[in-house]
Amino acid sequence: MPTDDSQASPKARIAGNVLVAGARVAGAACADILLGRGAAVTVYDREDSERMRALAARGATCVVTDDFDPALLDGVEQVVLSPGFPPHHPIARAAGEAGIEAFSEPELAWRLREPGAARWLAVTGTNGKTTTTTMLAAMLDHAGLRTAAVGNIGVPLVHTANGPFDVLAVELSSHQLHWSSELAPTAGAVLNLAPDHLDWHGSFDAYAEAKAAVWRGGRAVVNLDDPSVVALAKHADAAVTGFTLNHPERGQFGVALGFLVDYTGPEPVQICSVDDVHPAGWHNVANALAAAALARQVGVTHADIGEALRKYVPEPHRNVTLLEHAGVTWVDDSKATNPHAAAAALASYDSIVWVAGGQLKGVDVEGLIAQYAPKMRGAVLIGQDRALVADALARHAPGLPVVVLDGQDDAVMTEVASHAAALAEPGDTVLLSPAGASYDMFTSYAHRGDAFAAAARALIEGEAE
(Lines give C-alpha, C1' and ligand atoms only; values in the text may rest on other atoms or scores of the structure.)
Protein backbone atom coordinates (compact mmCIF):
# COMPACT_ATOMS: atom_id res chain seq x y z
CA MET A 1 0.00 0.00 0.00
CA PRO A 2 1.57 3.33 -1.02
CA THR A 3 2.32 5.98 1.53
CA ASP A 4 0.67 9.38 1.55
CA ASP A 5 3.39 11.79 0.43
CA SER A 6 1.11 14.74 1.01
CA GLN A 7 1.68 14.34 4.76
CA ALA A 8 5.43 14.83 4.56
CA SER A 9 6.75 18.15 5.77
CA PRO A 10 7.61 20.45 2.84
CA LYS A 11 10.79 21.38 4.65
CA ALA A 12 12.46 20.55 7.93
CA ARG A 13 11.48 23.51 10.10
CA ILE A 14 14.30 22.96 12.57
CA ALA A 15 16.50 25.80 13.78
CA GLY A 16 20.26 25.81 13.94
CA ASN A 17 20.45 26.44 17.70
CA VAL A 18 18.23 24.20 19.85
CA LEU A 19 17.87 23.58 23.58
CA VAL A 20 16.75 20.05 24.50
CA ALA A 21 15.25 19.93 27.98
CA GLY A 22 15.49 16.47 29.51
CA ALA A 23 17.95 13.73 28.62
CA ARG A 24 16.00 10.55 29.11
CA VAL A 25 14.87 8.36 26.23
CA ALA A 26 12.91 10.96 24.24
CA GLY A 27 15.23 13.89 24.96
CA ALA A 28 18.41 11.97 24.20
CA ALA A 29 16.89 10.71 20.94
CA CYS A 30 16.00 14.28 19.91
CA ALA A 31 19.47 15.58 20.72
CA ASP A 32 21.04 12.73 18.78
CA ILE A 33 18.94 13.43 15.68
CA LEU A 34 19.53 17.16 15.85
CA LEU A 35 23.28 16.73 16.19
CA GLY A 36 23.21 14.49 13.15
CA ARG A 37 21.53 17.29 11.22
CA GLY A 38 24.18 19.81 12.16
CA ALA A 39 22.28 21.79 14.80
CA ALA A 40 24.04 23.41 17.73
CA VAL A 41 22.48 21.51 20.63
CA THR A 42 22.40 22.33 24.33
CA VAL A 43 21.05 19.60 26.59
CA TYR A 44 19.71 20.48 30.03
CA ASP A 45 18.96 17.95 32.77
CA ARG A 46 19.01 17.88 36.54
CA GLU A 47 21.08 14.69 36.64
CA ASP A 48 24.25 13.58 34.93
CA SER A 49 23.97 10.30 33.08
CA GLU A 50 25.64 8.07 30.54
CA ARG A 51 23.33 9.55 27.92
CA MET A 52 24.50 13.07 28.77
CA ARG A 53 28.13 12.04 28.54
CA ALA A 54 27.54 10.35 25.18
CA LEU A 55 25.85 13.46 23.82
CA ALA A 56 28.70 15.65 25.07
CA ALA A 57 31.14 13.40 23.23
CA ARG A 58 29.15 14.00 20.06
CA GLY A 59 29.41 17.77 20.42
CA ALA A 60 26.41 18.78 22.51
CA THR A 61 26.76 21.35 25.26
CA CYS A 62 25.49 19.52 28.34
CA VAL A 63 24.29 21.44 31.40
CA VAL A 64 23.54 19.60 34.65
CA THR A 65 21.91 21.73 37.35
CA ASP A 66 18.90 21.66 39.66
CA ASP A 67 17.90 25.25 38.90
CA PHE A 68 17.21 26.44 35.37
CA ASP A 69 19.19 29.52 34.36
CA PRO A 70 17.31 31.68 31.80
CA ALA A 71 20.71 32.51 30.27
CA LEU A 72 20.60 29.01 28.74
CA LEU A 73 18.09 30.41 26.24
CA ASP A 74 20.50 33.07 24.94
CA GLY A 75 20.77 32.55 21.19
CA VAL A 76 18.39 29.57 21.26
CA GLU A 77 15.83 29.51 18.46
CA GLN A 78 13.78 26.46 19.47
CA VAL A 79 13.25 24.38 22.61
CA VAL A 80 12.46 20.66 22.55
CA LEU A 81 10.76 19.74 25.82
CA SER A 82 10.56 16.22 27.18
CA PRO A 83 6.97 15.28 28.12
CA GLY A 84 7.60 15.75 31.83
CA PHE A 85 8.00 19.52 31.45
CA PRO A 86 4.60 21.20 32.09
CA PRO A 87 3.59 24.60 30.71
CA HIS A 88 4.31 26.20 34.09
CA HIS A 89 7.92 24.93 34.25
CA PRO A 90 10.47 27.79 34.31
CA ILE A 91 11.94 26.67 30.98
CA ALA A 92 8.56 26.68 29.26
CA ARG A 93 7.62 30.01 30.78
CA ALA A 94 10.94 31.63 29.89
CA ALA A 95 10.74 30.33 26.31
CA GLY A 96 7.21 31.70 25.94
CA GLU A 97 8.18 35.09 27.32
CA ALA A 98 11.13 35.23 24.93
CA GLY A 99 9.01 34.24 21.94
CA ILE A 100 10.97 31.01 21.46
CA GLU A 101 9.03 28.12 19.93
CA ALA A 102 8.76 25.06 22.17
CA PHE A 103 7.58 21.60 21.15
CA SER A 104 7.94 17.90 21.94
CA GLU A 105 9.65 14.84 20.45
CA PRO A 106 6.65 13.71 18.32
CA GLU A 107 6.37 17.22 16.87
CA LEU A 108 10.07 17.16 16.02
CA ALA A 109 9.64 13.78 14.35
CA TRP A 110 6.70 15.09 12.34
CA ARG A 111 8.68 18.09 11.11
CA LEU A 112 11.57 15.85 10.05
CA ARG A 113 9.40 13.54 7.93
CA GLU A 114 10.59 13.25 4.35
CA PRO A 115 8.56 12.62 1.15
CA GLY A 116 7.31 9.03 1.18
CA ALA A 117 7.40 8.80 4.99
CA ALA A 118 4.97 6.46 6.71
CA ARG A 119 1.49 7.60 7.55
CA TRP A 120 0.59 7.97 11.22
CA LEU A 121 -2.49 6.49 12.86
CA ALA A 122 -2.59 8.01 16.33
CA VAL A 123 -4.19 6.93 19.60
CA THR A 124 -4.78 9.01 22.70
CA GLY A 125 -7.16 9.00 25.67
CA THR A 126 -7.03 8.72 29.43
CA ASN A 127 -6.83 4.92 29.40
CA GLY A 128 -6.32 2.08 26.97
CA LYS A 129 -3.78 3.82 24.74
CA THR A 130 -1.11 1.12 24.72
CA THR A 131 -3.57 -1.75 24.32
CA THR A 132 -5.28 0.01 21.41
CA THR A 133 -1.97 0.99 19.79
CA THR A 134 -0.59 -2.53 19.94
CA MET A 135 -3.90 -3.98 18.69
CA LEU A 136 -3.70 -1.53 15.79
CA ALA A 137 -0.09 -2.49 15.03
CA ALA A 138 -1.14 -6.16 15.02
CA MET A 139 -3.88 -5.39 12.50
CA LEU A 140 -1.55 -3.45 10.23
CA ASP A 141 1.08 -6.18 10.43
CA HIS A 142 -1.42 -8.94 9.64
CA ALA A 143 -2.42 -6.96 6.54
CA GLY A 144 1.18 -7.10 5.34
CA LEU A 145 1.99 -3.48 6.04
CA ARG A 146 5.36 -2.52 7.41
CA THR A 147 4.53 -1.05 10.80
CA ALA A 148 5.61 -0.49 14.40
CA ALA A 149 3.96 0.62 17.64
CA VAL A 150 5.80 3.81 18.60
CA GLY A 151 5.57 7.09 20.49
CA ASN A 152 4.51 7.24 24.13
CA ILE A 153 4.66 3.45 24.15
CA GLY A 154 8.43 3.80 24.61
CA VAL A 155 9.90 3.89 21.09
CA PRO A 156 10.95 7.43 20.04
CA LEU A 157 9.30 8.65 16.86
CA VAL A 158 12.38 10.55 15.73
CA HIS A 159 14.11 7.20 15.13
CA THR A 160 11.20 5.72 13.15
CA ALA A 161 9.43 8.54 11.30
CA ASN A 162 11.65 8.10 8.24
CA GLY A 163 12.22 4.37 8.68
CA PRO A 164 11.17 1.54 6.38
CA PHE A 165 7.49 1.68 7.32
CA ASP A 166 4.18 2.07 5.51
CA VAL A 167 2.03 3.04 8.50
CA LEU A 168 2.96 3.72 12.12
CA ALA A 169 0.68 3.00 15.09
CA VAL A 170 1.44 6.01 17.29
CA GLU A 171 0.53 6.37 20.96
CA LEU A 172 0.41 10.02 22.03
CA SER A 173 0.01 11.41 25.53
CA SER A 174 -1.70 14.66 26.45
CA HIS A 175 1.72 16.05 27.35
CA GLN A 176 3.12 15.30 23.90
CA LEU A 177 0.05 16.67 22.15
CA HIS A 178 0.11 19.87 24.20
CA TRP A 179 3.59 20.58 22.86
CA SER A 180 2.57 20.14 19.21
CA SER A 181 1.33 22.52 16.54
CA GLU A 182 1.87 20.94 13.12
CA LEU A 183 1.62 17.22 13.89
CA ALA A 184 -1.40 15.94 11.90
CA PRO A 185 -1.88 12.16 11.69
CA THR A 186 -3.88 10.54 8.89
CA ALA A 187 -6.47 9.69 11.56
CA GLY A 188 -6.56 9.94 15.33
CA ALA A 189 -8.63 8.27 18.03
CA VAL A 190 -9.64 9.67 21.42
CA LEU A 191 -10.59 6.61 23.45
CA ASN A 192 -12.02 8.26 26.57
CA LEU A 193 -11.61 11.28 28.80
CA ALA A 194 -11.50 11.39 32.58
CA PRO A 195 -9.67 13.72 34.98
CA ASP A 196 -5.95 12.96 34.86
CA HIS A 197 -2.69 14.92 34.90
CA LEU A 198 -4.56 17.93 36.25
CA ASP A 199 -1.44 19.01 38.12
CA TRP A 200 0.33 19.19 34.73
CA HIS A 201 -2.39 20.79 32.59
CA GLY A 202 -4.03 22.94 35.24
CA SER A 203 -7.62 21.96 34.40
CA PHE A 204 -9.70 19.22 32.81
CA ASP A 205 -10.60 21.52 29.90
CA ALA A 206 -6.92 22.13 29.13
CA TYR A 207 -6.27 18.39 29.33
CA ALA A 208 -9.13 17.63 26.93
CA GLU A 209 -8.06 20.37 24.55
CA ALA A 210 -4.60 18.84 24.33
CA LYS A 211 -6.13 15.46 23.43
CA ALA A 212 -8.14 17.05 20.60
CA ALA A 213 -4.90 17.86 18.76
CA VAL A 214 -4.82 14.21 17.63
CA TRP A 215 -7.61 15.13 15.18
CA ARG A 216 -5.59 17.86 13.49
CA GLY A 217 -5.23 15.71 10.35
CA GLY A 218 -8.95 15.86 9.67
CA ARG A 219 -10.15 12.33 10.49
CA ALA A 220 -11.45 11.62 13.98
CA VAL A 221 -12.26 8.29 15.61
CA VAL A 222 -14.57 9.05 18.53
CA ASN A 223 -15.91 7.05 21.51
CA LEU A 224 -19.66 7.65 21.26
CA ASP A 225 -20.20 6.19 24.75
CA ASP A 226 -18.08 8.89 26.41
CA PRO A 227 -19.97 12.21 26.71
CA SER A 228 -16.75 14.18 27.20
CA VAL A 229 -15.26 12.79 23.98
CA VAL A 230 -18.48 13.44 22.06
CA ALA A 231 -18.58 17.02 23.35
CA LEU A 232 -14.95 17.54 22.38
CA ALA A 233 -15.57 16.17 18.88
CA LYS A 234 -18.33 18.72 18.26
CA HIS A 235 -15.66 21.40 18.05
CA ALA A 236 -13.28 19.37 15.86
CA ASP A 237 -12.80 20.29 12.23
CA ALA A 238 -12.69 16.63 11.21
CA ALA A 239 -14.71 13.85 9.64
CA VAL A 240 -15.96 11.66 12.50
CA THR A 241 -16.14 7.87 12.68
CA GLY A 242 -17.76 6.80 15.93
CA PHE A 243 -17.53 3.56 17.90
CA THR A 244 -19.88 2.27 20.58
CA LEU A 245 -20.47 -0.81 22.69
CA ASN A 246 -24.10 -0.58 21.63
CA HIS A 247 -25.70 -1.61 18.35
CA PRO A 248 -24.12 0.68 15.73
CA GLU A 249 -26.04 3.02 13.52
CA ARG A 250 -24.99 3.58 9.91
CA GLY A 251 -21.51 5.14 9.84
CA GLN A 252 -20.42 3.61 13.14
CA PHE A 253 -18.51 0.67 14.62
CA GLY A 254 -20.26 -1.21 17.39
CA VAL A 255 -21.42 -4.50 18.88
CA ALA A 256 -24.36 -6.56 17.59
CA LEU A 257 -25.39 -10.12 18.48
CA GLY A 258 -22.08 -10.72 20.25
CA PHE A 259 -19.91 -9.53 17.35
CA LEU A 260 -17.78 -6.47 16.66
CA VAL A 261 -19.40 -4.83 13.65
CA ASP A 262 -18.42 -2.21 11.07
CA TYR A 263 -21.48 -0.39 9.75
CA THR A 264 -19.63 2.33 7.87
CA GLY A 265 -20.54 0.72 4.54
CA PRO A 266 -23.92 -0.08 3.00
CA GLU A 267 -24.40 -3.14 5.23
CA PRO A 268 -23.06 -4.16 8.66
CA VAL A 269 -19.94 -6.36 8.47
CA GLN A 270 -19.00 -8.71 11.31
CA ILE A 271 -15.35 -8.48 12.33
CA CYS A 272 -15.01 -11.07 15.09
CA SER A 273 -16.74 -12.34 18.21
CA VAL A 274 -16.62 -10.32 21.42
CA ASP A 275 -15.10 -13.47 22.95
CA ASP A 276 -12.13 -13.16 20.57
CA VAL A 277 -11.03 -9.93 22.26
CA HIS A 278 -8.48 -10.22 25.05
CA PRO A 279 -7.75 -9.19 27.68
CA ALA A 280 -11.42 -9.70 28.49
CA GLY A 281 -13.60 -6.77 29.50
CA TRP A 282 -15.87 -4.33 27.72
CA HIS A 283 -13.25 -1.59 27.93
CA ASN A 284 -10.99 -3.77 25.78
CA VAL A 285 -13.83 -4.40 23.32
CA ALA A 286 -14.01 -0.60 23.01
CA ASN A 287 -10.25 -0.48 22.46
CA ALA A 288 -10.55 -3.12 19.73
CA LEU A 289 -13.31 -1.16 17.99
CA ALA A 290 -11.18 1.99 18.05
CA ALA A 291 -8.21 0.12 16.59
CA ALA A 292 -10.43 -1.42 13.92
CA ALA A 293 -11.81 1.99 12.96
CA LEU A 294 -8.27 3.33 12.57
CA ALA A 295 -7.10 0.30 10.59
CA ARG A 296 -9.98 0.70 8.15
CA GLN A 297 -8.78 4.27 7.48
CA VAL A 298 -5.84 2.76 5.57
CA GLY A 299 -7.78 -0.06 3.95
CA VAL A 300 -7.07 -3.02 6.23
CA THR A 301 -9.68 -5.71 5.54
CA HIS A 302 -12.21 -6.91 8.09
CA ALA A 303 -10.74 -10.40 7.82
CA ASP A 304 -7.26 -9.16 8.70
CA ILE A 305 -8.62 -7.11 11.61
CA GLY A 306 -10.54 -10.07 13.03
CA GLU A 307 -7.66 -12.50 12.69
CA ALA A 308 -5.25 -10.02 14.27
CA LEU A 309 -7.54 -9.65 17.29
CA ARG A 310 -7.83 -13.42 17.68
CA LYS A 311 -4.03 -13.72 17.70
CA TYR A 312 -3.32 -10.59 19.73
CA VAL A 313 -1.01 -11.03 22.73
CA PRO A 314 -1.91 -8.53 25.49
CA GLU A 315 0.67 -6.19 26.95
CA PRO A 316 1.75 -6.93 30.55
CA HIS A 317 0.46 -5.15 33.68
CA ARG A 318 -3.03 -4.65 32.25
CA ASN A 319 -5.51 -6.68 34.31
CA VAL A 320 -3.34 -9.80 33.95
CA THR A 321 -3.95 -12.85 36.14
CA LEU A 322 -0.66 -13.80 37.78
CA LEU A 323 -1.63 -16.95 39.72
CA GLU A 324 -4.36 -18.68 41.65
CA HIS A 325 -3.77 -20.27 45.05
CA ALA A 326 -6.08 -21.51 47.78
CA GLY A 327 -9.07 -20.13 45.91
CA VAL A 328 -7.57 -16.62 45.66
CA THR A 329 -6.70 -15.02 42.32
CA TRP A 330 -3.84 -12.51 42.12
CA VAL A 331 -4.11 -9.86 39.36
CA ASP A 332 -1.58 -7.27 38.17
CA ASP A 333 -3.21 -4.10 36.81
CA SER A 334 -0.32 -1.79 37.65
CA LYS A 335 -0.95 0.19 34.44
CA ALA A 336 -4.03 1.67 36.14
CA THR A 337 -2.34 4.95 37.00
CA ASN A 338 -5.57 6.91 37.50
CA PRO A 339 -9.05 6.25 38.95
CA HIS A 340 -10.69 5.87 35.53
CA ALA A 341 -8.35 3.00 34.67
CA ALA A 342 -8.75 1.38 38.08
CA ALA A 343 -12.53 1.44 37.67
CA ALA A 344 -12.33 -0.88 34.65
CA ALA A 345 -10.48 -3.50 36.69
CA LEU A 346 -12.55 -3.08 39.85
CA ALA A 347 -15.68 -3.64 37.78
CA SER A 348 -14.31 -6.98 36.57
CA TYR A 349 -14.33 -8.85 39.92
CA ASP A 350 -16.92 -9.61 42.58
CA SER A 351 -14.92 -9.64 45.81
CA ILE A 352 -11.65 -7.75 45.97
CA VAL A 353 -8.66 -7.12 48.20
CA TRP A 354 -7.56 -3.85 46.68
CA VAL A 355 -3.87 -2.88 46.51
CA ALA A 356 -3.75 0.82 45.73
CA GLY A 357 -1.96 4.12 46.17
CA GLY A 358 0.80 6.13 44.54
CA GLN A 359 0.68 9.61 43.05
CA LEU A 360 -2.89 10.75 42.42
CA LYS A 361 -1.74 13.72 40.31
CA GLY A 362 -4.41 16.01 41.71
CA VAL A 363 -7.27 13.67 40.77
CA ASP A 364 -10.10 12.90 43.23
CA VAL A 365 -10.68 9.22 44.15
CA GLU A 366 -13.97 9.81 46.01
CA GLY A 367 -16.21 8.70 43.14
CA LEU A 368 -14.17 5.57 42.45
CA ILE A 369 -14.22 4.46 46.09
CA ALA A 370 -17.88 5.31 46.61
CA GLN A 371 -18.80 3.09 43.66
CA TYR A 372 -16.53 0.10 44.29
CA ALA A 373 -16.00 -0.04 48.07
CA PRO A 374 -19.01 -2.42 48.43
CA LYS A 375 -17.07 -5.01 46.39
CA MET A 376 -14.01 -4.87 48.64
CA ARG A 377 -12.99 -7.41 51.28
CA GLY A 378 -10.15 -5.14 52.36
CA ALA A 379 -7.46 -2.80 51.09
CA VAL A 380 -3.68 -2.49 51.32
CA LEU A 381 -2.39 1.01 50.59
CA ILE A 382 1.06 2.26 49.64
CA GLY A 383 2.68 5.30 48.12
CA GLN A 384 2.74 9.05 48.34
CA ASP A 385 -1.02 9.64 48.50
CA ARG A 386 -1.99 6.55 50.51
CA ALA A 387 -3.51 8.69 53.26
CA LEU A 388 -5.90 10.33 50.80
CA VAL A 389 -7.10 6.91 49.66
CA ALA A 390 -7.39 5.73 53.27
CA ASP A 391 -9.46 8.77 54.22
CA ALA A 392 -11.85 8.19 51.31
CA LEU A 393 -12.23 4.52 52.26
CA ALA A 394 -12.96 5.52 55.85
CA ARG A 395 -15.75 7.80 54.66
CA HIS A 396 -17.37 5.38 52.23
CA ALA A 397 -16.60 2.02 53.87
CA PRO A 398 -15.97 2.71 57.57
CA GLY A 399 -15.90 -0.98 58.53
CA LEU A 400 -13.52 -2.09 55.78
CA PRO A 401 -10.17 -3.55 56.97
CA VAL A 402 -7.49 -1.21 55.61
CA VAL A 403 -3.71 -1.66 55.96
CA VAL A 404 -1.58 1.44 55.31
CA LEU A 405 2.11 0.72 54.68
CA ASP A 406 4.87 3.31 54.95
CA GLY A 407 7.57 1.60 52.86
CA GLN A 408 9.43 3.87 50.47
CA ASP A 409 10.71 1.42 47.85
CA ASP A 410 9.85 -1.83 46.07
CA ALA A 411 10.64 -3.92 49.17
CA VAL A 412 7.23 -2.89 50.52
CA MET A 413 5.59 -5.35 48.12
CA THR A 414 6.64 -8.22 50.40
CA GLU A 415 4.47 -6.68 53.12
CA VAL A 416 1.72 -5.96 50.60
CA ALA A 417 1.52 -9.62 49.58
CA SER A 418 1.51 -10.83 53.19
CA HIS A 419 -1.26 -8.47 54.31
CA ALA A 420 -3.33 -9.05 51.17
CA ALA A 421 -3.15 -12.81 51.61
CA ALA A 422 -4.26 -12.46 55.24
CA LEU A 423 -7.28 -10.40 54.20
CA ALA A 424 -8.33 -12.58 51.24
CA GLU A 425 -10.76 -15.48 51.40
CA PRO A 426 -11.47 -18.21 48.81
CA GLY A 427 -13.22 -16.64 45.83
CA ASP A 428 -11.51 -13.26 46.30
CA THR A 429 -9.24 -11.43 43.89
CA VAL A 430 -6.15 -9.62 45.18
CA LEU A 431 -6.04 -6.76 42.70
CA LEU A 432 -3.13 -4.38 42.22
CA SER A 433 -4.93 -1.51 40.48
CA PRO A 434 -3.34 1.51 42.14
CA ALA A 435 -5.31 4.47 40.68
CA GLY A 436 -2.08 6.46 40.95
CA ALA A 437 1.24 6.91 39.21
CA SER A 438 4.27 4.92 40.31
CA TYR A 439 7.20 7.33 40.33
CA ASP A 440 7.07 8.01 44.07
CA MET A 441 8.47 4.53 44.80
CA PHE A 442 9.19 2.79 41.50
CA THR A 443 10.89 3.53 38.20
CA SER A 444 7.67 2.81 36.28
CA TYR A 445 4.30 1.08 36.51
CA ALA A 446 6.05 -2.00 35.06
CA HIS A 447 8.55 -2.00 37.94
CA ARG A 448 5.64 -1.74 40.38
CA GLY A 449 3.79 -4.62 38.70
CA ASP A 450 6.89 -6.79 38.55
CA ALA A 451 7.58 -6.20 42.25
CA PHE A 452 4.00 -7.15 43.12
CA ALA A 453 4.16 -10.29 40.99
CA ALA A 454 7.49 -11.36 42.49
CA ALA A 455 6.22 -10.82 46.04
CA ALA A 456 3.01 -12.77 45.38
CA ARG A 457 4.89 -15.69 43.85
CA ALA A 458 7.46 -15.72 46.67
CA LEU A 459 4.68 -15.78 49.27
CA ILE A 460 2.80 -18.61 47.56
CA GLU A 461 5.94 -20.65 46.96
CA GLY A 462 6.90 -20.19 50.60
CA GLU A 463 3.52 -21.51 51.73
CA ALA A 464 3.91 -24.51 49.43
CA GLU A 465 7.24 -25.57 50.95
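This is a predicted model: local features need pLDDT of at least 70, side-chain atom pairs count only at pLDDT 80 or more; totals for chains, interfaces and linings use all residues.

User: What makes the pair Asp166 and Arg146 a salt bridge?

Analyst: The closest N and O atoms of Asp166 and Arg146 are 2.9 Å apart. A salt bridge requires a side-chain nitrogen of Lys or Arg within 4 Å of a carboxyl oxygen of Asp or Glu, so the pair qualifies. The structure holds 15 salt bridges.

User: Why is this pair said to tie together parts that are apart in sequence?

Analyst: Asp166 lies in the loop between strand S7 (149-151) and strand S8 (167-171), while Arg146 lies in the loop between helix H5 (129-142) and S7, so the bridge joins parts 20 residues apart in sequence.

User: What makes Glu425 and Arg377 a salt bridge, and where do the two residues lie?

Analyst: The N to O distance between their side chains is 3.4 Å; because the limit is 4 Å, the pair counts as a salt bridge. Glu425 is in the loop between helix H15 (412-423) and strand S20 (429-432), and Arg377 is in strand S18 (residues 376-382), 48 residues apart. Glu425 has a relative accessibility of 38% and is partly exposed; Arg377, at 30%, is also partly exposed.

User: Which residues are linked in a network of salt bridges?

Analyst: The network links Glu101, Glu107, Arg111 and Glu182.

User: How is the packing of H10 and helix H11 described, and which residues meet there?

Analyst: Two packed helices are described by the angle between their axes and the distance between the axes. For H10 and H11 (residues 302-311), the angle is about 145° and the axes are 10 Å apart. The crossing is right-handed. Ala288, Ala292, Ala295 and Arg296 in H10 meet His302, Ile305 and Leu309 in H11. By class, this contact has five nonpolar, one polar and one charged residues.

User: Why is Thr42 called buried, and which residues does Thr42 touch?

Analyst: Thr42 has a relative accessible area of 14%, and the cut-off is under 20%, so the term buried applies. Thr42 is found in strand S2 (residues 40-45). Leaving out residues up to four places away in sequence, Thr42 touches Val18, Leu19, Val20, Thr61, Val63 and Leu72.

User: What makes the approach of Arg113 to Ala118 a polar contact?

Analyst: A polar atom of the Arg113 side chain lies 2.8 Å from the backbone oxygen of Ala118. The limit for such a contact is 3.5 Å, so the distance meets the criterion. Arg113 lies in the loop between helix H4 (105-111) and strand S6 (119-124), and is buried, with a relative accessible area of 2%. Arg113 and Thr160 are 47 residues apart in sequence and 9.6 Å apart in space, C-alpha to C-alpha.

Terms used
Residues are numbered from 1 along each chain as its sequence is written. Side-chain values use heavy atoms; hydrogens and water are left out. Helices (H or I, at least four residues) and strands (E, at least two) are DSSP runs, numbered from the N terminus. Buried means under 20% relative accessible area, exposed over 50%, partly exposed in between (1.4 Å probe, protein chains only). Axes are lines fitted to C-alpha atoms, for helices over the stretch in contact, and angles run from 0 to 180 degrees between N-to-C directions. A crossing is left-handed if the near helix is turned anticlockwise from the far one by less than a right angle, and right-handed if clockwise. Contact means heavy atoms within 4.5 Å. Ala, Val, Leu, Ile, Met, Phe, Trp, Tyr, Cys and Pro count as nonpolar, Asp, Glu, Lys and Arg as charged, and the others, Gly among them, as polar. A polar contact is a pair of N or O atoms within 3.5 Å; within protein, one must be able to donate a hydrogen and the other to accept it, and residues adjacent in sequence count only if both atoms are side-chain atoms.
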